[in-house]
Amino acid sequence: MKVHEFQAKELLARFGIPIPAGRVACNPEEAQSIAEAIGGNKFVVKAQIHAGGRGKGGGIKVSANPHEVARAAQSMLGMLLVTPQTGPQGRIVKRVLVEQAKQIKKEFYLAITIDRQNCLPVLIASAAGGMEIEEVSAKQPELILQEHVDPLVGFQAFQGRNLAYQLGLTPALANQFVSICRSLVNLFLALDCSLAEINPLVLTEDGQLLALDAKLNFDDNALYKYPDIAQLRDVNEEDPLEIEASEAKLNYIKLDGNIGCMVNGAGLAMATMDIIKIAGGSPANFLDVGGGANEESVTAAFRILLSDSSVKAVLINIFGGIVRCDRVANGIIAAASKLDVQVPIVVRLKGTNMDAGRKTLQESPLNFRVAEHMKDAADLVVAAVKSLES
């Protein structure tokens with residue numbers, strides 16, 4: 001789960017990380033009042049959406065006084081903000097964050113995430129703050145600094161000092177940096193985050209390190225432990241189909257292709273998407289119906305897949321380990337009949353009672369295309385899409 005920048009900063013502050021003075025506003029009048037309360041002679045108004053690159057789309061503006069803050073908020077609120085991360089569909093801005101602007105001397109990057117190769121949290125720092133970290137990693141990997149954190153031992157001060165000195169910070173600033181690192185690690189571990197990022201972490205002209213922007217992502221499977229964090233969810237920033245899938249207990253992520261995928265098991269779902277690409281097609285989604293696929297879950301999955309207008313064909317790939325293939329076949333037929341599915345459907349069943357399941361599909365009045373192997377299934381579904389396009 002993602003949260004807005006203003007929510008992330010409130011959590012940073014809760015863990016002792018310094019942030020600029022500011023609050024969120026939902027209308028121009030409120031934005032002006034916040035600026036007047038903050039004081040100062042320069043302010044920043046930032047659109048609050050779940051995407052980066054807001055400045056490139058006009059979602060970040062510097063204002064000289066509270067009246068300009070109100071005008072900036074007026075221009076942003078309700079606008080469709082398109083950034084490199086939103087795609088062409090953009091996001092509607094419903095809130096803005098009003099903050100006191102700071103004189104910036106230097107920008108850094110600081111984050112903690114999971115290093116899946118080493119199975120440990122990893123603290124990442126860079127002197128290339130304010131830039132896309134993926135771009136820095138690709139073009140200047142020497143600028144990416146790392147310190148792994150053992151959760152059983154916890155963050156150690158020497159790790160923060162190692163990073164600080166490689167970043168060129170003075171001893172006084174190194175102490176600030178170590179404190180921020182420790183707080184960020186504590187937040188990450190305490191709230192089961194998958195990412196805690198400060199970009200940029202700035203050095204101000206008066207010698208203070210400050211979190212100028214922040215991003216927090218949380219492990220959905222751990223949210224039951226943190227009801228206060230779960231309440232921060234903004235469904236307006238999520239894909240409606242992904243919301244529907246989560247309510248149906250399905251794991252679904254929309255992609256840009258035209259072949260709908262319905263699979264049981266995350267690993268098999270990833271392999272299915274790969275083999276579709278190898279066959280020359282493009283998957284429209286990741287969808288894992290879980291190990292106990294039944295008529296109810298298959299019906300919900302079909303409804304979600306077919307709600308995506310880009311889906312031209314569906315590949316169903318089921319491994320009958322926990323679930324029996326003949327029961328899945330009956331569920332597929334019932335769901336397809338109930339929803340009057342018109343797009344081509346390719347089904348590959350493997351595992352318990354697979355022969356009975358295939359026979360059931362082949363004898364049904366619906367025009368299923370049944371494949372034995374994954375490659376055959378991928379070739380069939382890609383050919384079906386190409387025949388529709390020709």
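This is a predicted model: local features need pLDDT of at least 70, side-chain atom pairs count only at pLDDT 80 or more; totals for chains, interfaces and linings use all residues.
Residues are numbered from 1 along each chain as its sequence is written, and side-chain values use heavy atoms, leaving out hydrogens and water.

**Helix 11.** I took helices (H or I, at least four residues) and strands (E, at least two) as DSSP runs, numbered from the N terminus. I listed the buried residues of helix 11: C325, D326, V328, A329, G331, I332, I333, A335 and A336. Their cover includes helix 10, strand 16, strand 17, helix 12 and strand 18. Just past the helix, I found D340 with a positive phi of about 50 degrees.

**A214.** I placed this residue in strand 12 (residues 214-218). Why does A214 count as buried? Because its relative accessibility is 9%. Contact means heavy atoms within 4.5 Å; leaving aside neighbours within four places in sequence, A214 touches E5, A8, K9, L12 and E197.

**Cores.** A nonpolar core here is a set of buried Ala, Val, Leu, Ile, Met, Phe, Trp, Tyr and Cys residues joined through side-chain atoms within 4.5 Å. In the largest one, of 43 residues, I see L110, F177 and F218 touching the most other members. Helix 6 gives this core its largest share, 10 residues. Another core lies apart from it, with 32 residues, including A245, A336, V347 and L361.

How values were computed
Buried means under 20% relative accessible area, exposed over 50%, partly exposed in between (1.4 Å probe, protein chains only).
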